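Me: Please take a close look at one strand in this structure and the strands beside it. Then place that part in its wider setting.

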Amino acid sequence: MNTLSDDAKAILLLCAPLERETPYRPLTDTQYHHLAVWLHRNGRSPRDLFSMEPEAVAAYMEPERFSYLLGRGVQLGLAMERWAGQGIWFLCRSDNEYPRRYKLLAKDAPAILFGTGNKVFLNHGGLAVVGSRNIDQTGAFFAESVALRCAREHITVISGGAKGTDSISMNAALKAHGHVIGVLADQLHKASLKKDYRDALADGNLLLLSPYAPDTPWRAWQAMQRNKLIYALADYALVVSSGIGEKSGTWAGATEELKRKGTVFVRMDNTVPEGNKDLINKGAIPWPALEETERLTEKLPEAVASGGEKHIPQIRQGSLLDMGDALQKGPAEHSPAEAAPCEQTAYDLCLPLILKKMGRASFSKEELTHLAEELGLLPKQLETWLNRAVKEKAVVKHCRPVRYTAASPLMAEQNRQE
Amino acid sequence: MTMQERALQYLQKALNSPRASFHEQQWESIEHLLNNRKLLVVERTGWGKSMVYFLATRLMRDNGKGPTLLISPLLSLMRNQMDAAGRLHLCARSINSTNAPREFSDIERELEENSIDVLLISPERLANEDFRKRILPKLTHNIGLLVIDEAHCISDWGHDFRPDYRRIIRILQMLPPNIPVLATTATANNRVMTDIRSQLGQELVILRGSLVRSSLRLQNIFLSGVSARLAWLAQTIPRLEGSGIVYTLTVRDAVKVSQWLQQNGINAKAYYSSLKSDEDNAVRETLEKQLIKNEIKVLVATVALGMGFDKPDLGFVIHFQRPASVVHYYQQVGRAGRAIPNAHGVLLCGEEDEKITDYFIQSAFPAQKHIELLLNLLNDEEDGLTKNQILARINITKSQLEKTIKFLTIEYPSPLSQENKKYYANQYTSGYKVRWETVEAITELRKAEQRQMNDYIAYPQCLMNFLQDALNDTIVRPCGKCRNCNPSLALPATYDRGLEKAARNFLFHNYQKIPPKLFWIIHEQKKAIPEQYRSEEGRALCAWRDGGWGDVIARDKYERGFFSEPVVHAFAKMIREWSPSPMPEWVTCIPSLRHPVLVPDFARRVAFKLNLPFKPCILQTCENKPQKSMENEIQQINNLREIYKISAPCSGACLLLDDIVNSGWTLTAVSALLRRHGCSHVFPAALALNTLRID
């Protein structure tokens with residue numbers, strides 16, 4: 001039975017897409033992130049929202065929106081019952097089982113995850129195998145052989161469940177009884193009914209996951225959003241074949257991951273498409289040639305080291321080298337009452353405070369020194385954080401003369417969407 | 001003004017009575033709801049449970065809350081409830097299968113405008129696509145209050161467990177703490193209440209009142225034969241004041257008893273649920289209204305006339321057969337005498353009762369074989385299958401399939417998934433096991449209920465006290481009105497011998513129509529049968545084992561191996577009375593390699609009596625499986641392919657005889673053959689029609 005805590009119910013009410021046409025939209029992941037940080041700072045849990053006046057959270061959403069979203073209890077009950085009946089579970093950011101690797105995404109961490117299958121793999125890491133839908137025979141053969149190798153070495157294959165590369169690698173690993181995670185952009189429920197998948201789900205070898213409701217139809221932006229969730233679960237990523245430029249989802253996702261300093265391998269041989277070569281120029285590492293007897297768990301770290309770049313994953317827990325105990329070694333589990341994401345950086349925790357202090361005023365460089373003092377920060381630290389906040393559009397920077405203004409959380413979100 | 005004072009004003013307005021006051025616990029209930037509590041109210045029908053949610057809705061709407069969602073097996077609110085709602089300016093709408101598309105879009109619009117205050121929906125509809133995709137998204141104002149009517153159905157241990165209520169439990173478990181819930185029932189014993197509390201959480205508040213119906217005069221009369229009971233009904237009902245209900249256990253009995261009563265000049269109508277539920281709901285609603293307005297004297301009903309039916313001045317409830325449990329009985333008999341000083345509750349019992357309730361107990365769950373057949377089939381498929389595709393592949397009846405599907409879909413997790421009218425295996429299918437312990441425990445419970453019903457019949461003391469005790473109600477004193485407390489108030493158990501003879505004649509005059517089939521199924525597609533291949537409407541002498549000819553024919557076929565002279569005589573008489581037009585010119589019959597003599601011998605003797613030539617021109621070319629072992633239409637039709645041939649050219653109108661008609665496909669197929677070989681009309685006629693429907 002999928003029992004839900006009141007914390008989870010509160011998060012679902014605020015964030016779950018329960019109906020298409022609504023007067024108020026559910027919170028985006030980022031919007032919820034800001035609220036969660038605020039709750040955490042005030043020693044509150046999401047469940048406390050049920051007894052709060054809407055005005056208390058006015059900084060994060062209009063009172064009407066708050067009341068509306070939190071009042072969707074019956075709709076929530078109906079939807080959750082149906083989804084749960086289809087074998088789908090939900091993980092909210094407040095849940096202990098919520099993947100640590102996603103908490104690290106901070107404002108990009110999905111507030112809710114829908115999934116079906118074996119949750120155990122969530123924190124095991126693995127190899128992300130991605131690539132375009134249209135894939136030639138060499139590419140398909142390559143994807144298949146890598147997936148088989150992963151299955152043999154008990155490395156989880158993580159992919160997106162799309163046609164082409166994704167399906168080929170997932171199916172190959174499943175056929176060899178390997179472990180697979182599919183991070184889907186749409187139609188979670190329908191996917192779980194496919195013959196190959198339902199057998200693998202029954203055997204406990206497959207986990208299907210999506211940040212979108214189980215009957216959501218395919219949309220391009222969802223697929224893009226989902227890409228970073230594939231990378232985030234993996235220790236390393238492998239691009240089998242990629243188009244080039246923003247139009248290629250594979251290319252866009254890989255470039256993004258490279259910017260995040262993630263380790264991306266790319267298949268390289270004479271036949272690969274232009275996109276693969278381009279990714280190498282952007283810092284990806286060629287997939288090492290492997291003898292039949294060689295192990296990925298040894299070769300990949302070697303390749304990273306000799307790749308000469310600073311490709312060592314810095315924030316991710318668990319790697320192919322210490323897969324077995326990565327789970328246990330994670331940071332101490334926080335108590336359920338502490339709902340906010342625990343693996344936050346100081347920035348995540350301080351930003352809301354900074355924004356609150358700033359209020360609606362705007363600050364010159366000089367005034368920032370005073371602000372830093374009030375906050376008990378070094379001016380340099382405040383400036384670093386403010387510049388990061390500017391990138392994230394939580395703060396607006398005006399030039400000549402330089403002045404900083406806090407964007408309201410809502411504005412920040414709108415800016416982001418624009 | 002306090003909330004309670006406002007509520008009282010509304011109550012007086014709703015009842016149109018300035019001096020009305022709250023019943024015990026009514027205000028308390030409302031107050032709990034206003035405080036977002038989850039509440040179970042166990043009060044007898046007529047106590048005013050609907051007033052609780054009307055007033056709560058009114059007060060919550062005044063405070064800007066959203067509408068109330070009322071989940072109820074009822075089709076619509078009763079008239080008096082509608083009136084009360086109207087006086088409170090509450091707009092109530094119901095969503096059920098009788099809604100025309102037009103109404104549906106009206107409801108959508110009204111929801112968008114937030115002008116609906118109470119939305120009534122059946123438990124089955126909750127899972128319905130239309131509701132999910134069309135209605136839910138229109139709820140621009142969130143549901144403020146959730147009401148679950150007939151909440152005893154939630155419990156496996158209730159007398160009337162309904163699969164769809166399992167879904168309701170899970171919905172309730174998913175609800176956040178800021179939604180008030182009201183669950184109501186008139187019948188929940190301690191075990192059921194404990195079960196509901198364990199399902200819905202310890203914070204559930206339970207309010208419970210007395211269940212005594214002080215106007216009821218209970219009595220039990222044992223009359224073993226069907227004809228004796230029919231005679232008693234025909235004699236007694238006209239002498240009873242007001243109008244009432246006669247409950248039967250099967251649809252067939254409801255129809256039969258109502259025909260008998262009509263024949264005796266009593267304005268009676270049969271009430272049951274039919275398979276074509278769309279038109280059926282409208283018919284049932286009309287019948288309910290007619291009874292409420294006393295336009296008919298008596299409704300002869302199955303359990304289909306059940307929950308929530310509320311006629312305050314119902315004068316009597318008579319049971320033609322013994323119900324399955326004491327709780328069923330209390331609920332049904334409790335419909336009488338709600339707002340009148342005296343009413344009769346009579347339980348007639350006879351020899352067949354036990355067999356029928358046994359059958360219900362046995363058939364409550366799908367057979368393991370059917371579950372396995374279905375799941376194995378789906379598990380081997382890449383893609384999903386529609387119902388018809390399933391029926392073409394496995395030999396089970398449509399209703400068996402539906403029962404199996406229903407059972408499996410409410411399992412949790414369910415081993416069966418549905419997506420766009422197709423059924424799929426899922427990740428739970430291969431490891432699925434029926435929890436037979438639960439099934440057995442429930443079956444055992446049903447048998448215990450049956451035994452308790454027998455104890456009630458034999459009980460020498462106050463009958464009302466017996467019912468109260470069974471429902472764990474507090475007993476204060478004997479009722480003083482039942483047959484055991486005060487025999488002088490009871491109805492006489494006697495009946496007129498002449499009436500009984502007439503009843504026996506009636507039972508032996510139970511001609512059945514055999515409707516011509518208009519469609520058949522070719523390659524899983526429903527196709528109209530061309531006009532030139534159809535049969536005419538036919539006749540059967542009786543229904544299989546109907547207490548009249550049906551019993552004689554069963555004995556002749558299985559014990560004697562031939563149909564006796566009285567059967568042939570009665571059959572020929574039926575044909576003459578029926579006098580189909582144009583009159584058949586010759587007689588033929590369905591052959592059988594398994595019983596080569598039985599039917600042809602009978603047909604030859606009938607033809608002789610009718611003075612018509614008998615031409616056995618139909619040949620069976622190969623042995624098929626017995627048609628009655630083919631469990632669904634698609635299998636039946638496939639079983640018939642290519643096995644009958646016509647040996648000679650035909651012409652004119654013919655009479656096509658058979659002994660027992662099950663599905664009717666044999667008659668349909670052979671009629672088509674005869675028409676193709678030159679017959680102008682084919683009139684099927686059979687000894688017995690074998691159909692047994694229970695609700």
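Reply: B:L656 stands opposite B:P684 in β24(B). This is a predicted model. Strand β24 of chain B covers residues 681–689. Eight bridges join it to β23(B), and the two strands run parallel.

β23(B) also pairs with strand β20 of chain B, residues 586–589. That pairing is parallel too, over four bridges. Here B:W586 has B:C654 of β23(B) as its bridge partner.

How many residues of β23(B) are buried? Nine of the nine, across residues 653–661. The strand is therefore largely enclosed by the rest of the structure.

Salt bridges in chain B come next. B:E411 and B:R435 meet through their side chains, at 2.7 Å from N to O. This pair links distant parts of the chain, 24 residues apart. B:E411 lies in the loop between α17 (398–409) and β14 (416–419) of chain B. B:R435 lies in the loop between β15 (422–425) and α18 (436–458) of chain B. B:E411 is buried, with a relative accessible area of 5%. B:R435 is partly exposed, at 40%.

A second pair sits within one helix. B:R504 and B:E500 both belong to α20 of chain B, residues 497–507. They are four residues apart, about one turn of the helix. Residues three or four places apart in an α-helix point the same way, because there are 3.6 residues a turn. The side chains of B:R504 and B:E500 form a salt bridge at 3.4 Å, N to O. B:R504 counts as partly exposed at 43% relative accessibility. B:E500 is buried, with a relative accessible area of 13%.

Now the boundary with chain A. There, 38 residues of chain A contact 38 residues of chain B. About 3,300 Å² is buried between the two chains. Carbon and sulfur atoms give 58% of that area. Across this interface there are 12 residue pairs in polar contact, with both residues at pLDDT 80 or more. On the chain A side, the elements giving two or more residues are α1 (6–15), α3 (63–70), α4 (73–85), β2 (112–117), α8 (188–192) and α9 (195–203). α4(A) gives the most, with 11 residues. The chain A side divides into 15 nonpolar, 11 polar and 12 charged residues.

Two salt bridges cross the interface. A:E81 and B:R170 meet in a salt bridge at 3.0 Å, N to O. Over all chains, the whole structure holds 47 salt bridges.

Chain A itself has 18 helices and 12 strands. Of its 418 residues, 57% count as buried. Take contacts in chain A between residues at least 6 apart in sequence: 70% of them join residues at least 24 apart.

Helix α13 of chain A, residues 296–306, gives a local view. Its buried residues are A:L296, A:T297, A:K299, A:L300, A:P301, A:A303 and A:V304. They pack against β3 (127–130), α6 (137–152), β7 (236–239), β8 (264–266) and β9 (285–286) of chain A.

One more pair in chain A: the side chains of A:K282 and A:D278 meet in a salt bridge at 3.2 Å, N to O. A:K282 counts as partly exposed at 40% relative accessibility. A:D278, at 16%, counts as buried.

Conventions:
Residues numbered from 1 in each chain as written. Chains lettered and ligands numbered in written order. Heavy atoms only, no water. Contact = heavy atoms within 4.5 Å. Buried area = accessible area lost by both parts, 1.4 Å probe. Salt bridge = Lys/Arg side-chain N within 4 Å of Asp/Glu carboxyl O. Polar contact = N/O pair within 3.5 Å; in protein donor to acceptor, adjacent residues only side chain to side chain. Nonpolar A, V, L, I, M, F, W, Y, C, P; charged D, E, K, R; others polar. Buried < 20%, exposed > 50% of the residue type's maximum accessible area, 1.4 Å probe, protein only. Pairing = 2+ DSSP bridges.
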